[in-house]
Amino acid sequence: MSPVSAALHRRPTAPSRPPGRRLRPHRAAVGAAVLLLVAAGFVAPRLLAPDRAATVCARDALQERALLDLQQFASWLRQYRVAGFVGEVGWPGGPAVGATDSARWNALAEQWFTAADRMRLPVAAWAAGPWPAGYPLAVDRAAPGSRALSIPGPQTSVLARHTGPLRGVSAADGTFGTSAADFSAADPGAYGSAYGYEGAADDTYLAAQGVTLLRLSVSWERLQPVPMGPLAPAEVARLRDAVSAAQNHGLHVLLDLHGYGAFRAAPGRTLLLGSAQLPAGALADLWSRLIPALPPMYGYDLLNEPSRLAVKGQAAQLLWRAASQQAVDAIRRAGGTGVAVVGGYARMGPGDWGTAQPRPWIVDPRGRVAYDAHAYFDSDGSGRYASSYASELTRAQQSARQAPGCFGLDLFAPSSAVDRTLP
């Protein structure tokens with residue numbers, strides 16, 4: 001493993017949240033008599049009569065909360081007849097949490113994936129990369145001294161049992177080093193040491209485990225050192241090679257701009273999306289340059305968890321809606337035909353759709369937009385998992401909306417087969 005400290009390898013969402021500000025889900029009170037699920041691939045569904053009945057059972061209050069949140073997302077998708085995607089789902093395992101908690105978190109994830117399978121919901125697990133040994137959310141990691149993926153985490157056993165549409169992993173190596181105090185566009189770190197992109201050996205490893213979708217994380221600062229300026233040729237060439245290698249191994253590639261809205265121009269100088277130095281149109285400009293520079297691919301994750309914007313609250317919601325629409329328009333004008341994956345302002349858990357984000361907003365002439373939720377099962381949805389399963393279960397029991405039990409599912413057939421081909 002490269003000599004990068006463990007602090008640089010945290011799930012990159014953690015540094016994006018200002019101290020003292022914790023993003024807690026706004027969960028709607030949802031009845032559990034019927035779980036209305038959407039047969040949504042990356043195309044907007046036309047719901048037909050249910051083709052068969054099924055159930056998913058919650059065995060404790062923590063499982064019940066996770067399933068009800070997924071139900072909320074399903075209901076929102078169905079109400080507006082739009083497509084959905086879970087770009088990150090992560091839960092802890094391994095020595096950092098112990099064998100007992102690993103098994104309990106895996107059992108929760110097992111039920112969650114069963115529901116996602118019934119929804120035909122594309123999912124990418126968080127995350128693969130050269131993580132330090134103590135990182136508990138490592139689905140796949142590299143051996144010490146290497147960047148090549150070779151060691152499955154406890155979570156992999158769950159993923160192997162669930163082969164729903166576009167089951168994938170988030171590959172985080174392209175954004176490693178982004179938490180370093182001196183990381184910036186002026187000092188992006190050495191390729192192959194501070195960070196890297198997954199290559200042929202990684203793709204072979206992932207494909208052998210049944211992975212079909214690679215959510216490939218990249219950093220804005222490395223690709224476009226000056227906002228609204230030209231792309232970095234060497235970085236684009238590396239990324240192009242990584243995309244091509246993944247596709248040659250049968251993986252669908254979703255390019256994930258993992259940046260939250262903050263652009264580190266130089267040490268001590270951070271630009272926020274929506275400011276005079278980084279206007280909303282800068283995001284569209286980046287995508288307009290990336291599309292013709294890279295091979296056609298399955299989709300584009302416009303901006304991961306856009307939580308660090310130049311404004312807050314309702315103004316941030318409006319800013320993000322405008323910036324994301326401009327980005328989709330730019331992608332289409334540049335010839336991009338893949339799926340545009342759009343998150344909500346800040347980190348949107350499955351239970352937040354319909355409350356924090358009341359309605360869809362993207363207009364796309366191709367009709368290939370998927371709204372993105374990120375699912376973490378700890379009480380604040382942060383993915384930090386600072387408490388044991390027992391402690392999280394106690395919190396869930398205190399706020400339980402009903403006794404754990406089985407959810408009745410109505411399964412809806414899609415209007416046509418989910419498109420598996422590249423654009």
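Which residues in H7 meet Trp-320, Ala-323, Gln-326, Ala-327, Ala-330 and Ile-331 in H8? In this predicted model, local features need pLDDT of at least 70 and side-chain atom pairs count only at pLDDT 80 or more, whereas totals for chains, interfaces and linings use all residues. Residues are numbered from 1 along each chain as its sequence is written, and side-chain values use heavy atoms, with hydrogens and water left out.

The residues in H7 are Gly-281, Leu-283, Ala-284, Trp-287, Ser-288 and Ile-291, where contact means heavy atoms within 4.5 Å. By class, the contact of H7 with H8 comprises nine nonpolar, three polar and no charged residues; Ala, Val, Leu, Ile, Met, Phe, Trp, Tyr, Cys and Pro count as nonpolar, Asp, Glu, Lys and Arg as charged, and the others, Gly among them, as polar. Helix H7 spans residues 281–293 and helix H8 residues 313–333. Helices (H or I, at least four residues) and strands (E, at least two) are DSSP runs, numbered from the N terminus. The axes of H7 and H8 come within 8 Å and cross at roughly 20°, axes being lines fitted to C-alpha atoms, for helices over the stretch in contact, with angles running from 0 to 180 degrees between N-to-C directions. H7 is therefore roughly parallel to H8; angles under 35 degrees count as roughly parallel, over 145 as roughly antiparallel, 65 to 115 as roughly perpendicular and the rest as oblique. The crossing of H7 and H8 is right-handed, a term applied if the near helix is turned clockwise from the far one by less than a right angle, and left-handed if anticlockwise.

Helix H1 (residues 61–80) packs against helix H2 (residues 98–119) at an angle of about 20°, with the axes 10 Å apart. This angle makes H1 roughly parallel to H2, and their crossing is right-handed. Residues of H1 in the contact include Leu-62, Leu-70 and Leu-77, while those of H2 include Trp-105, Trp-112 and Met-119. The contact of H1 with H2 divides into 13 nonpolar, two polar and no charged residues.

H2 also packs with helix H9 (residues 389–398), at an angle of about 45° and with axes 10 Å apart. H2 and H9 are therefore oblique to each other. Asp-101, Arg-104, Trp-105 and Leu-108 of H2 make the contact with Tyr-389, Ala-390, Glu-392 and Leu-393 of H9. Five nonpolar, no polar and three charged residues form the contact of H2 with H9.

The structure holds 20 aromatic pairs; rings of Phe, Tyr and Trp (its six-membered ring) pair if their centres lie within 6.5 Å, with planes under 30 degrees apart counted as stacked, over 60 as edge-to-face and the rest as tilted. One of these pairs, Trp-76 with Tyr-371, is edge-to-face, at 5.4 Å centre to centre and 80° between the planes. Trp-76 lies in H1 and Tyr-371 in strand S14 (residues 369–376), so the pair ties together parts that are 295 residues apart in sequence.

Strands S10 (residues 262–266) and S11 (residues 269–272) run antiparallel and are joined by four bridges; strands pair if DSSP finds at least two bridges between them. Ala-266 has Arg-269 in S11 as its bridge partner. The two strands form a hairpin with two residues between them, and Gly-268 in the turn has a positive phi of about 80°.

Most residues other than glycine have a negative phi, and most peptide bonds are trans. Glu-305, which is not a glycine, has a positive phi of about 40° and is found in the loop between strand S12 (299–301) and H8. A cis peptide bond, with omega about -5°, joins Trp-126 and Ala-127; Ala-127 lies in strand S4 (residues 123–129).
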